[in-house]
Amino acid sequence: MKAILVEDSRLARLELSEQLKDFDEIDLVGEASNVPEALAQIKQLKPDLLFLDIHMPKQTGFDLLEQLDYLPLVIFTTAYSEHAIKSF
């Protein structure tokens, strides 16, 4: 399963990418720190799965989802509990 990690925090990206190495079925094919980077990678790589932060500068993870023509599975990775209800 091809996955892209979208997270503005470099340390959070590093930690999650390290944790994902334990799952052979997940192939981390890209990482992005903002919505424009993520859009470009999603269009090019057509991942099956997004690990998606919600709270990012300028545009949110929800903004990203609204711009996609192709919608992979999404796992939200946010530290903000107030985003939990909207993500469901």
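**Entry 1: Q41.** I looked up Q41 in this predicted model and found that its relative accessibility is 18%; because buried means under 20%, Q41 counts as buried. I then placed the residue in the chain and noted that Q41 belongs to helix α2, which covers residues 35-45. To see what surrounds Q41, I set aside the neighbours within four places in sequence and was left with contacts to I4, G30, E31, A32 and K46.

**Entry 2: the sheet.** I next traced the strands and found an open sheet of 4 strands, ordered β2-β1-β3-β4, with parallel pairing. At the edges I found β2 and β4, each of which pairs on one side only. I also noted how the strands are turned against their neighbours in this sheet, and the average, with direction ignored, is 20°. Helix α1 packs on the sheet, where α1 touches β1, β2 and β3, and the direction of α1 makes about 175° with that of β2. Helix α2, the helix that holds Q41, also packs on the sheet and touches β1, β2 and β3, with a direction at about 150° to that of β2.

**Entry 3: strand β3 and its partners.** I went through β3, residues 49-52, side chain by side chain, and recorded that L49 and F51 point one way while L50 and L52 point the other way, all of them being buried. Towards β1, residues 2-6, I counted 4 bridges, and the two strands run parallel. Among the residue pairs I looked up here, L5 has F51 as its bridge partner in β3, and V6 has L52. Towards β4, residues 73-76, β3 again pairs in the parallel sense, over 4 bridges, and one of the residue pairs joins L50 to V74. I followed the chain from β3 through helix α3, residues 61-67, to β4, and noted that these elements make a right-handed β-α-β unit.

**Entry 4: helix α1.** Which residues of α1 are buried? In this helix, which spans residues 10-20, I listed R13, L16, S17 and L20 as buried. Looking down the axis of α1, I saw that the buried residues fall within an arc of 100°, and therefore they line one face of the helix. I finally asked what these buried residues pack against, and wrote down β1, β2 (27-32) and β3.

Technical notes:
Residues numbered from 1 in each chain as written. Predicted model: local features only at pLDDT ≥ 70, side-chain atom pairs only at ≥ 80, totals over all residues. Heavy atoms only, no water. Buried < 20%, exposed > 50% of the residue type's maximum accessible area, 1.4 Å probe, protein only. Pairing = 2+ DSSP bridges. Right-handed = clockwise from strand over helix to strand, strands pointing away. Contact = heavy atoms within 4.5 Å. Arc of directions from axis to C-beta. Axes fitted to C-alpha atoms, helices over the stretch in contact; angles between N-to-C directions.
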